[in-house]
Amino acid sequence: MTLLHDTPGPRARRRIFVWSVVSGLVFAGLLGLAVARFAAHGQLDAARWAPFAQWPIWQYLLVGLLGTLEAAAHVAVLSAVAGVFLALGRLSRVRVVRWLATGYIEVARTVPVLLMIYVTLFALPGVGVNLPLLWKLVLPLTVANSAAFAEIFRAGVLSLPSGQPEAALSLGLTRAQTMRFVVLPQAVRHVTPSLVSQLVSLVKDTSLGYVVAFTELLHRAQVLSAYNHLLVQTFLVVTVIYLVCNGSLSFVAHRLRR
Amino acid sequence: MAALLDNLAPLLHGLLTTLWMAALSAAGALVLGVVVTAMRVSPVPVLRGVAFGYVQLFLNVPLLALLVLFVFALPDAGVLMPLPATAVVVLVVYEAAYVAEAVRSGVNTVVLGQAEAARALGLTFRQALGSVILPQALRAVVQPLGNVMIALVMNTSLFAAVGIVELTAAANKTNLVHAQPIPIFVGAGLTYMGLALLIGLGTGWVERRVAILR
Amino acid sequence: MNLRTVLVVSGLLATALAGCGGGGGSAVPPAATSPDLLTGAPIADAAAIPPGSTMERIKKRGKLIVAEALDAPLLSQQNPTNPDEVTGFDADLAKLLAVYILGKPEVEIVPPATETREALLANGTVDVVFNTYTITPERSEQVTFAGPYFLSGLAVAVKTGTTGIKGIDDLAGKKVIVGANTPAVTEVPKRQPTAAVISFGTDPQAVTALLQGRGDAYVQDLTLLASNAKANPQLTVVGNPFTTEPYGIGLKHGDTDFKQFVNDWLKKIQDNGQWAAAWRNSLGTVVDADPPTPPAIGSVPGS
């Protein structure tokens with residue numbers, strides 16, 4: 001990446017310095033302007049922020065965060081497992097299996113999750129399927145995310161040089177063994193970055209829990225803002241919580257990869 | 001089925017809203033995403049830092065929280081835009097982070113010799129980026145960008161939460177009146193799938209035309 | 001019926017307007033359920049709960065599962081500093097019904113997104129709905145309603161200082177904010193076809209949108225508007241309510257035994273004073289008037 005540009009000489013260093021100062025000033029100015037306007041509208045008044053210094057309020061939001069993480073953990077485990085099988089299905093030599101897996105993946109990744117949630121809520125009970133609240137959120141999210149995971153795993157498998165499975169087969173391993181011991185472990189390692197961003201994305205997707213009134217972070221934010229009439233402040237706080245959580249998830253994954 | 005046909009007008013109107021908002025957001029997100037990528041690989045540390053922070057912010061916060069914040073916090077920061085405009089702006093800045101990630105992975109696929117050759121020819125960083133690196137990077141990521149665009153179309157369904165009647169909201173409203181969930185939601189779902197299919201075919205076509213055979 | 005509505009409503013209005021004059025900017029914490037509301041509350045005879053009935057199932061389970069909001073001040077609002085405490089008129093009535101069946105206020109709350117109430121009842125997720133659920137003939141094809149237990153109506157609120165809007169009649173061609181999935185969504189276009197309707201998911205969002213100038217007026221249930229106006233002097237309620245919204249208790253469609261049972265209970269708490277006490281604890285805190293006379297049970301189409 002650094003090789004996109006040379007080690008800068010004296011003139012380039014000067015130019016970079018000027019650019020840094022100018023762009024720094026512009027961005028700081030914009031930020032300052034926004035904060036000043038915000039203060040002028042009274043949004044930074046101490047009284048509007050004081051409630052967030054209380055532990056019970058945080059406790060309330062953290063229970064919501066726990067719900068977010070619970071739902072996300074369910075979805076992550078289920079979709080990862082389903083994703084592996086769907087990816088294998090799409091790569092299968094059996095035509096029917098390949099078609100079925102491909103069909104499922106293409107449908108699941110091109111229908112909005114919100115619409116799937118509506119179907120779970122309104123259409124499934126009509127045919128006698130009534131799920132507990134958590135699963136009303138987990139099921140549609142799993143349907144969508146398993147397709148996404150499948151595509152990631154498939155990309156990982158395809159990215160391996162064909163010499164790898166060929167070598168394994170020539171050593172006398174069966175196709176299943178080759179997949180299990182040679183291809184998949186390497187493929188997963190290859191696509192870890194994509195897996196982590198999919199994980200972050202599914203944590204964000206759980207915010208749709210507000211539709212089914214599942215106790216997650218955004219739903220609690222909504223109830224809290226009805227109670228304290230501090231809409232903007234509440235959502236700013238919740239945004240920061242999401243940022244910290246998902247940011248640390250990405251950071252830890254980044255560290256693990258090393 | 002009757003519920004679907006009787007309410008074709010509001011549903012079509014919703015579809016139209018989805019279409020124009022998605023198209024506008026897509027154009028904006030592509031441009032902004034490329035600009036952010038350029039900032040991320042630039043030699044200026046401040047620009048790199050800002051671009052990094054930008055991408056991290058929008059990759060990690062749910063679109064729904066951003067929508068509520070932008071719609072209700074921006075007016076207090078002195079910017080009062082009409083609702084549809086606000087929603088499009090949110091989707092542009094949100095999806096631009098995903099575009100930037102995709103394009104950056106494309107930049108990583110451009111072999112270093114290309115950048116070195118560009119420098120050896122005496123091109124400045126901007127020239128090298130604009131005429132050598134980005135064109136190749138973009139050609140390499142047509143498929144991922146297509147996926148970002150499909151996600152963008154699906155994300156327009158969240159606009160319903162801030163009072164915009166697009167396809168999903170129209171379908172939900174119709175269902176509330178007629179309580180015919182299966183035909184209505186299946187119809188809406190098929191429409192989204194059709195849109196995604198169009199985008200998929202489109203990106204496939206573009207990819208075939210611009211792919212670099214190595 | 002209309003006279004009573006007007007009475008309730010004008011009381012509410014008076015306070016809402018008074019609140020605008022001198023109210024502080026702080027939130028109104030909903031009053032806690034007073035313990036004496038539940039002591040002495042009626043409990044059903046064993047004879048009223050025959051084997052195989054919905055009531056018996058609830059009694060065996062040991063708790064009543066209720067669909068009610070968590071974010072409706074004065075009606076059913078969760079206290080974030082003490083999440084077990086959900087208070088308001090709807091919440092108190094739910095507790096009273098639990099006492100009637102079980103002898104104890106054991107309530108499990110399933111907060112419904114408004115659009116899912118019919119589904120929650122139909123698939124048996126909840127036993128009853130207390131959720132400002134307006135009785136309409138259309139809805140009664142999917143839900144059986146006990147009650148009505150309260151009469152309210154839609155009213156108009158504007159940003160304080162707005163001139164030229166005195167009620168629904170002045171909203172032609174205006175931008176009108178409504179709550180998503182509330183009766184206002186269909187009622188406003190019916191009365192003012194030229195008004196542009198903008199719907200927001202939650203009441204706080206709608207209020208913020210109005211104060212930020214995204215619309216000229218906010219049409220919502222008067223009780224909610226009154227509580228908003230009391231909490232926030234920037235909001236003013238104008239004119240009288242222009243509809244009558246009879247709130248019913250939603251039950252599974254066709255469960256007529258349970259409906260009869262709930263109606264009997266409703267009659268008892270009205271006669272014994274618990275209904276009025278629940279009103280004083282909640283809506284009564286923003287209205288400077290005596291509890292209204294409850295609507296006659298079964299008095300509206302669909303109930």
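Chain C holds an open sheet of 5 strands, in the order β10-β9-β11-β8-β12, with mixed pairing. Strands here are DSSP runs of E with at least two residues, and helices are runs of H or I with at least four, numbered from the N terminus. Two strands count as paired if DSSP finds at least two bridges between them. This is a predicted model: local features need pLDDT of at least 70, side-chain atom pairs count only at pLDDT 80 or more, and totals for chains, interfaces and linings use all residues. Residues are numbered from 1 along each chain as its sequence is written, while chains are lettered from A and ligands numbered from 1 in the order in which they are written.

The edges of the sheet are β10 (196-200) and β12 (235-238) of chain C, each pairing on one side only. Look next at β8 (residues 154-159) of chain C. It pairs with β12(C) in the antiparallel sense over 4 bridges. C:Ala157 has C:Val237 in β12(C) as its bridge partner.

Now turn to chains A and B. Here 43 residues of chain B are in contact with 43 residues of chain A (contact: C-beta atoms, placed from the backbone, within 7 Å). On the chain B side, the helices that each supply at least two residues include α3, α4 (63-73) and α10 (181-210). That side has 32 nonpolar, 8 polar and 3 charged residues. Nonpolar means Ala, Val, Leu, Ile, Met, Phe, Trp, Tyr, Cys and Pro; charged means Asp, Glu, Lys and Arg; the others, Gly among them, are polar.

In one contact between helices, A:Ser20, A:Ser23, A:Gly24 and A:Phe27 of α1(A) meet B:Pro45, B:Val46, B:Leu47 and B:Val50 of α3(B). These residues divide into 5 nonpolar, 3 polar and no charged.

Terms used. Two residues are in contact if their C-beta atoms, placed from the backbone, lie within 7 Å.
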